[in-house]
Amino acid sequence: MSKGEAGYAQELELRKKAGEILEIVPQYKLSLDVNGYHICNYYVDFKCTMADGSVELHEYKGFETMIWQMKWKLTEALYGEQYKLVVIK
């Protein structure tokens, strides 16, 4: 975990204590499957269940690699309607 990601984790914990977030799951595994084929797994930095019951996937990014950009596009395509996707830069 990078220093930036660790700092963001602390921020999420403060939001949890304030009641805005109910649960934080770090390194949440998503299976990226297309047309019945398993492409790869993606571990999003934090899965957050919010006080209103909605679920957000938070990704802290200091540097965007081409592989990360591809995996994030797949995540958006496969999970974008199910979860709110948040990228922190």
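Is Glu-64 buried, partly exposed or exposed? Glu-64 is partly exposed, because its relative accessible area is 28%, where buried means under 20% relative accessible area, exposed means over 50% and partly exposed lies in between, with a 1.4 Å probe and protein chains only.

The model is predicted, and local features need a pLDDT of at least 70, while side-chain atom pairs count only at pLDDT 80 or more and totals for chains, interfaces and linings use all residues. Residues are numbered from 1 along each chain as its sequence is written, and side-chain values use heavy atoms, with hydrogens and water left out.

## The sheet and its helices

Helices (H or I, at least four residues) and strands (E, at least two) are DSSP runs numbered from the N terminus, and two strands pair if DSSP finds at least two bridges between them. In this model four strands form an open sheet in the order β1-β2-β3-β4, with mixed pairing. The strands at the edges are β1, residues 21-34, and β4, residues 84-88, each of which pairs on one side only. From one strand to the next, the twist averages 35°; axes here are lines fitted to C-alpha atoms, for helices over the stretch in contact, and angles run from 0 to 180 degrees between N-to-C directions.

Strands β1 and β2 (residues 37-50) run antiparallel and are joined by twelve bridges. One example is Lys-29, whose bridge partner in β2 is Tyr-43. Helix α1, residues 3-17, packs on the sheet and touches β1, β2, β3 (55-60) and β4, and its direction makes about 125° with that of β1; touching, or contact, means heavy atoms within 4.5 Å. Helix α2, residues 66-79, also packs on the sheet and touches β1, β2, β3 and β4, with a direction that makes about 100° with that of β1.

The strands β1 and β2 form a hairpin with two residues between them, and Asn-35 in the turn has a positive phi of about 50°. Asn-35 counts as exposed because its relative accessibility is 72%. Another residue other than glycine with a positive phi is Gln-27, where the value is near 50°. Gln-27 lies in strand β1, and Gln-27 counts as partly exposed because its relative accessible area is 43%.

## The nonpolar cores

A nonpolar core is a set of buried Ala, Val, Leu, Ile, Met, Phe, Trp, Tyr and Cys residues joined through side-chain atoms within 4.5 Å. In soluble globular proteins, nonpolar side chains tend to be buried together. The largest nonpolar core of this model has eleven residues, among them Leu-30, Cys-40, Leu-57, Trp-68 and Tyr-83. The elements that give two or more residues to this core are β1, β2 and α2, and α2 gives the most, with four residues. Not counting residues up to four places away in sequence, Leu-30 touches Cys-40, Asn-41, Tyr-42, Leu-57, Thr-75, Tyr-79 and Tyr-83. A second, separate core has eight residues, including Ile-21, Ile-24, Phe-46 and Met-50.

Cys-40 is buried because its relative accessible area is 15%, and Cys-48 counts as buried because its relative accessibility is 0%. The structure holds zero disulfides, a disulfide being a pair of cysteine sulfur atoms within 2.5 Å.

## The salt bridges

Side chains of opposite charge can pair when their charged atoms come close. A salt bridge is a side-chain nitrogen of Lys or Arg within 4 Å of a carboxyl oxygen of Asp or Glu, and the structure holds three salt bridges, which are set out below.

| Lys or Arg | Glu | Distance, N to O |
|---|---|---|
| Arg-15 | Glu-20 | 2.6 Å |
| Lys-61 | Glu-59 | 3.7 Å |
| Lys-89 | Glu-64 | 2.8 Å |

In the pair of Arg-15 and Glu-20, Glu-20 counts as partly exposed because its relative accessibility is 38%. Glu-59 counts as buried because its relative accessibility is 3%, and Lys-61 is buried because its relative accessible area is 17%. Lys-61 is found in the loop between β3 and α2, and, leaving aside neighbours within four places in sequence, Lys-61 is in contact with Trp-68, Val-87, Ile-88 and Lys-89.

The side chains of Glu-64 and Lys-89 also meet in a salt bridge. This pair links distant parts of the chain, with Glu-64 in the loop between β3 and α2 and Lys-89 in the segment after β4, 25 residues apart. Lys-89 counts as exposed because its relative accessibility is 69%.
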